[in-house]
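Please read it alongside the coordinates.

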Amino acid sequence: MTDDTTTPAPLVSRSYERRKSGSGAGSEPAVEVRVRAVRRRSWSTEERLRIVRETLEPGVIVQ
């Protein structure tokens, strides 16, 4: 009878730790996140009407 038990993989891999720390020659480039100063969009009345009209066309699925 053979014992085919395997040790579970570590939850955090070394590559994750390297990416998280950001140090090392092989680290990936940083990601830049841009956020608008104003969180809500301001739609003009014409833009709102255009959007509503597009949703009322036959065969259109709004998602």
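Is valine 35 buried or exposed? Valine 35 is exposed, with a relative accessible area of 57%, where buried means under 20% relative accessible area, exposed over 50% and partly exposed in between, with a 1.4 Å probe and protein chains only.

1. Basis of the note. This is a predicted model, in which local features need pLDDT of at least 70 and side-chain atom pairs count only at pLDDT 80 or more, while totals for chains, interfaces and linings use all residues. Residues are numbered from 1 along each chain as its sequence is written, and side-chain values use heavy atoms, with hydrogens and water left out.

2. Overall make-up. The protein chain has two helices and zero strands, these being DSSP runs numbered from the N terminus (helices H or I, at least four residues; strands E, at least two). Of the 63 residues in the protein chain, buried residues make up 0%. The accessible surface of the chain comes to about 7,000 Å², with 53% of it belonging to carbon and sulfur atoms; such areas come from the Shrake-Rupley method with a 1.4 Å probe, and for residues only the protein chains shown count as cover.

3. The loop and its valines. Valine 35 is found in the loop between helix 1 (14–21) and helix 2 (45–55). Together with Val31 and Val33, Val35 forms a nonpolar surface patch with about 350 Å² of accessible area. Patches are made of residues with over 30% relative accessible area and no salt bridge, like charges being joined within 9 Å and nonpolar side chains (Val, Leu, Ile, Met, Phe, Trp, Tyr) within 5 Å.

4. A search of the whole structure finds two salt bridges, each defined as a side-chain nitrogen of Lys or Arg within 4 Å of a carboxyl oxygen of Asp or Glu. In one of them arginine 34 pairs with glutamate 32, the closest N and O atoms being 3.1 Å apart. Glutamate 32 is placed in the loop between helix 1 and helix 2 and counts as exposed at 60% relative accessibility; arginine 34 is exposed as well.

5. Glutamate 54 is partly exposed, with a relative accessible area of 38%, and arginine 50 is partly exposed at 40%.

6. Threonine 55. Threonine 55 lies in helix 2 and counts as partly exposed at 31% relative accessibility. Leaving aside residues up to four places away in sequence, threonine 55 touches Val60 and Val62, contact meaning heavy atoms within 4.5 Å.
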